[in-house]
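Visitor: I have not looked at this one before. Can you walk me through it?
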Amino acid sequence: MSENGASPDAGEAPASYNFLQEIVAADVAAGSHGGRVVTRFPPEPNGYLHIGHAKSIVLNFGLAAMSPHGHCNLRFDDTNPETEETEFVEAIEDDVRWLGYDWGDAEYYASDYFERLYAFAVALVEKGLAYVDSQSPEDIRENRGDFHRPGSDSPYRDRSVSENLDLLARMRAGDFDEGDCVLRARIDMAHPDVLMRDPLIYRIRKAPHHRTGTAWAIYPMYDFAHPLSDAIEGVTHSVCTLEFQNNRALYDWFVANCEPPAEPHQYEFARLDLSYTVLSKRKLQQLVAGGHVDGWDDPRMPTLAGLRRRGVPPAAIREFCETIGVAKRDNLVDVALLEHVVRDHLNADTPRMMAVLRPLRVVIENWDDGRVELLRCPLDPDDPDGAARDVPLSGVLYVERDDFAADPPKKWFRLAPGREVRFRYACLFTCTDVVTDPGTGEVVELRGTWDPESLGGAAPDGRRVRGTLHWVSAAHAVDAEVRLYDRLFTTADPGAADDFLAHLNPESLETIHAAKLEPALATTNAGERVQFERLGYFCADPDRDRLDRPVFNRTIGLRDTWAKIATKS
RNA sequence: UCGGGGGUGGUGUAAUCGGCAACACACGAGGUUCUGGCCCUCGCAUUGGGGGUUCGAGUCCUCCCCCCCGAGCCA
């Protein structure tokens, strides 16, 4: 990590700059702001961070890293005491750190600036640029006009400076009730941009604040607090999402008229939208509150906490954010891209082991009674002489039910009556008998013979065996719970639907209670990642302590070409 | 309808004085293989529409169309 705490992946030269990198590069080259770049990531502590926030984090820390002495601040935008909680600031800190970023000492809170912000407001009043409005909320709305009609001046718009000063002081002192009055900027009630029609600066809130407690009875509005907080921190490039474009004129107005110590500028980019999920804080909140998921860190959630528990490596999220780019047009990124990047990272450095999810018993009839072979199996098949673990092989195994077909389709390479397959790293086996339950007709056991010449898995005569199956020795198997996750929604853009909850995928979670693991998997710690060969990537869940048995979450399945072939025919 | 901002393949980005539309994902075809994984090869868009300038336009001009954001004492 560099001194400015930015960009853990710095090093690779980007093929091309995005439009914000262009701007920053030009500013650095021109020596603007003394060649310094200061950005900030400004979450409101009223919910958990999701992958859309990751895009912003990667962007902001990355831009700061373009200058040798650049820095990205973490600033909590906590100006609304009614929705913000300490629990969320802690979760946000954890998530940013986990993602791989270090903001150093630069952890700030808008609430730390309340006194200075108040002073800016007083100065505005003294300049005749702000006034206390005593209209009711309804009248304020009514008199704001609309897109076609200009607003009309408040009857209180021309109060004297001294009266405004007095009223503002009394607002702060708590002399008024919520809704009695507000402080407003005196701009232009006929402005074509409705946000400029005398916007609110302060409103009265009697709710306790998570940091300032009951010290304040008034709280600054975002449009006032944000640009001035940026200025106080010396932020040079204030990067936000597109919906704030409308607010930029106001941002500039406050910077120009409050004369803060620095002159930050706001730039907007398109927020991330991801297919088959929702990324709005409100909707995520609904999923949690409605019990549709198991909490903010449910592995199906697009939250950073959820992705972490799912087993997604932070480096994969960073790479995903770099890959999707930054632009100004609305977008809906295919979740398949995220899945690809995740697989790519996992494939590179995840050990391989074997587990059987839906066990089917296999008896090797010509196996010597009681014989157990300890097979040395590599953790990385591309490095057969590298790290390995011992896997016991005996005469009774479990294989995947899906790997047997009584009546195999075309191109079937797996088990079927009379077919020979390879048990990975173990031996060649031919199925000779199928035992079925006389009552249900269900296949309960396979019987057959192995080729003793093939111990280790190689064909003694070089004969071709197309199918290689994973397996677990029945006597040595460890029982485990395995959770298979799928997309949370069945439609690509659930957020656009009238009722997004109607598109929830009823099969987004399948719990397998009695999966069979090879012994080496018994002792994995929470957070450890492993590939179950031929199945996918899994991550040990902390629930193992509570359930007193291994619990694995499927991060993502392997690409399954056979499933496609099978679907087509 | 007023103000602000956008339209390049199925998806997301790129094309830095106007000079062969590039990369990744997805999809399709094939190869390789002790994971039907990984890997390799090949295929897949004339840039929202019409006019104009130019030897040459995704890039410039012009008219039109479509999409997003804005009327919280939320951020």
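Guide: This is a predicted model. A place to start is β4, which 4 bridges join to strand β5 (residues 182-185), the two running antiparallel.

Visitor: Which residue in β5 is the bridge partner of V132?
Guide: The partner of V132 is L183.

Visitor: What order do the strands of that open sheet come in?
Guide: The order is β4-β5-β6-β7, with 4 strands and antiparallel pairing. At the edges stand β4 (130-133) and β7 (218-220); each has a single partner strand, so one side of each has no neighbour in the sheet. On average, neighbouring strands are turned by 20 degrees against each other, ignoring direction.

Visitor: And which helix packs on the sheet?
Guide: Helix α4 (residues 114-126) does, touching β4, β5, β6 (200-204) and β7, and its direction makes about 120 degrees with that of β6. Helix α6 (residues 161-173) also lies across β4, β5, β6 and β7, at about 60 degrees to β4.

Visitor: New topic, α1. Which of its residues are buried?
Guide: They are L20, Q21, V24 and D27. Seen down the axis of α1, these fall within an arc of 125 degrees, so they line one face of the helix. On the other side, A29 and A30 are exposed.

Visitor: What do the buried ones pack against?
Guide: The buried residues of α1 pack against α2 (51-64), β8 (237-241) and β9 (265-269).

Visitor: What caps the N-terminal end of α1?
Guide: N18 does, with a side-chain oxygen 2.9 Å from the backbone nitrogen of L20.

Visitor: And what follows α1?
Guide: G31 follows, and its phi is positive, near 75 degrees.

Methods
Residues are numbered from 1 along each chain as its sequence is written. Chains are lettered from A and ligands numbered from 1 in the order in which they are written. This is a predicted model: local features need pLDDT of at least 70, side-chain atom pairs count only at pLDDT 80 or more; totals for chains, interfaces and linings use all residues. Side-chain values use heavy atoms; hydrogens and water are left out. Buried means under 20% relative accessible area, exposed over 50%, partly exposed in between (1.4 Å probe, protein chains only). The arc is that of the directions from the helix axis to the C-beta atoms. Contact means heavy atoms within 4.5 Å. A polar contact is a pair of N or O atoms within 3.5 Å; within protein, one must be able to donate a hydrogen and the other to accept it, and residues adjacent in sequence count only if both atoms are side-chain atoms. Two strands pair if DSSP finds at least two bridges between them. Axes are lines fitted to C-alpha atoms, for helices over the stretch in contact, and angles run from 0 to 180 degrees between N-to-C directions.
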